[in-house]
Protein chains: 2
Amino acid sequence: MASAAEFDRVFAALADATRRDIVRRAIAGEEGVAELADHYPMSFAAVQKHVAVLERAGLVTKQRIGRRKVVRTNVVGLHAAQRLLDRYEELWRGRVDRMTNLITDTRERTT
Amino acid sequence: MASAAEFDRVFAALADATRRDIVRRAIAGEEGVAELADHYPMSFAAVQKHVAVLERAGLVTKQRIGRRKVVRTNVVGLHAAQRLLDRYEELWRGRVDRMTNLITDTRERTT
DNA sequence: GCATCATACAACCGTATGGTTGTACCGATG
DNA sequence: CATCGGTACAACCATACGGTTGTATGATGC
């Protein structure tokens with residue numbers, strides 16, 4: 001189970017379009033940092049920082065291959081975020097069910 | 001489909017423990033801003049700002065009831081985030097499948 | 001109409017964030 | 001071993017963010 005601080009990092013990491021695109025590209029898991037940087041209108045260092053943010057959030061990993069470091073998205077990190085949203089969803093459904101019951105009860109009582 | 005800026009707002013809104021807790025509490029949809037504020041060790045104004053961030057992200061709505069404004073989580077906003085994560089998940093699965101095929105092909109060729 | 005509860009918003013402050021440039025390190029290759 | 005490609009990191013800058021206090025607006029109850 002992820003701590004509050006971990007959720008903070010995961011969602012903060014996903015709250016940037018460039019980083020989301022890096023996550024998407026890193027699913028293929030074939031590009032190094034410099035190759036990723038070519039896709040974006042910013043310096044290499046900026047992209048490197050974005051990758052570092054994603055890495056700290058546990059959303060990607062880096063593996064040295066030759067002189068490059070290939071960036072790969074870590075599906076485990078994504079799952080943490082997914083599970084939190086799913087829990088909200090469950091709670092929401094529970095609430096809706098309870099309201100439905102309430103309405104049903106009322107109907108039964110009033111009919 | 002949500003735009004990049006909308007995703008930015010949704011994930012940024014979720015990247016704070018207090019705001020996530022407000023979302024959770026607002027699922028019940030019974031507390032006003034002042035009542036929510038009682039749960040947290042910060043000023044009323046701070047909580048109000050958090051609610052405003054969630055509102056701008058489309059994660060909660062406010063409805064005037066008497067002199068209060070009841071905060072309710074908007075499940076549609078959550079769905080936007082969920083769908084993005086699900087898409088990453090799909091892409092990831094696709095990649096794994098492709099790799100599996102590749103390995104299978106190789107085996108078939110080498111046997 | 002007045003006091004009051006609930007909300008809204010502006011101004012301010014410290015720190016975090018996203019970007020830049022510059023420098024240093026590491027590994028492959030001639 | 002000298003060079004070069006790829007990465008890492010520090011220093012710096014502007015702006016955004018999370019918090020505060022103070023003031024204003026709005027709906028309720030007497």
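Mentor: Start with A:K62. A polar side-chain atom of A:K62 lies 3.3 Å from a phosphate oxygen of DNA strand D. Some ground rules first. This is a predicted model, where local features need pLDDT of at least 70, side-chain atom pairs count only at pLDDT 80 or more, and totals for chains, interfaces and linings use all residues. Residues are numbered from 1 along each chain as its sequence is written, chains are lettered from A and ligands numbered from 1 in the order in which they are written, and side-chain values use heavy atoms, with hydrogens and water left out.

Trainee: What makes the pair of A:K62 and DNA strand D a polar contact?

Mentor: A polar contact is a pair of N or O atoms within 3.5 Å; within protein, one must be able to donate a hydrogen and the other to accept it, and residues adjacent in sequence count only if both atoms are side-chain atoms. The A:K62 pair is at 3.3 Å, so it qualifies. For A:A34, a polar backbone atom is 2.6 Å from a phosphate oxygen of DNA strand D.

Trainee: Which residues come nearest to DNA strand D?

Mentor: A:A34, B:S43, B:K49, B:H50 and B:R67, of the 21 residues around it. Near means that a heavy atom of the residue lies within 4 Å of the strand.

Trainee: Why is A:T18 called buried?

Mentor: Its relative accessibility is 16%, so A:T18 counts as buried. Buried means under 20% relative accessible area, exposed over 50%, partly exposed in between (1.4 Å probe, protein chains only). Leaving aside neighbours within four places in sequence, A:T18 is in contact (heavy atoms within 4.5 Å) with A:Y40, A:M42 and A:H50.

Trainee: How do you know that β1 and β2 of chain B pair?

Mentor: Two strands pair if DSSP finds at least two bridges between them. Strands are DSSP runs (E, at least two residues), numbered from the N terminus; helices are H or I, at least four. Here β1(B) and β2(B) have 6 bridges, in the antiparallel sense. They form a hairpin with 2 residues between them.

Trainee: What makes the relation of chain A to chain B a two-fold axis?

Mentor: A rotation of 180° with 0.0 Å of shift along its axis superposes chain A on chain B, at RMSD 0.0 Å. That is why the relation is that of a two-fold axis. Copies are superposed by least squares on the C-alpha atoms of residues with pLDDT of at least 70 in both.
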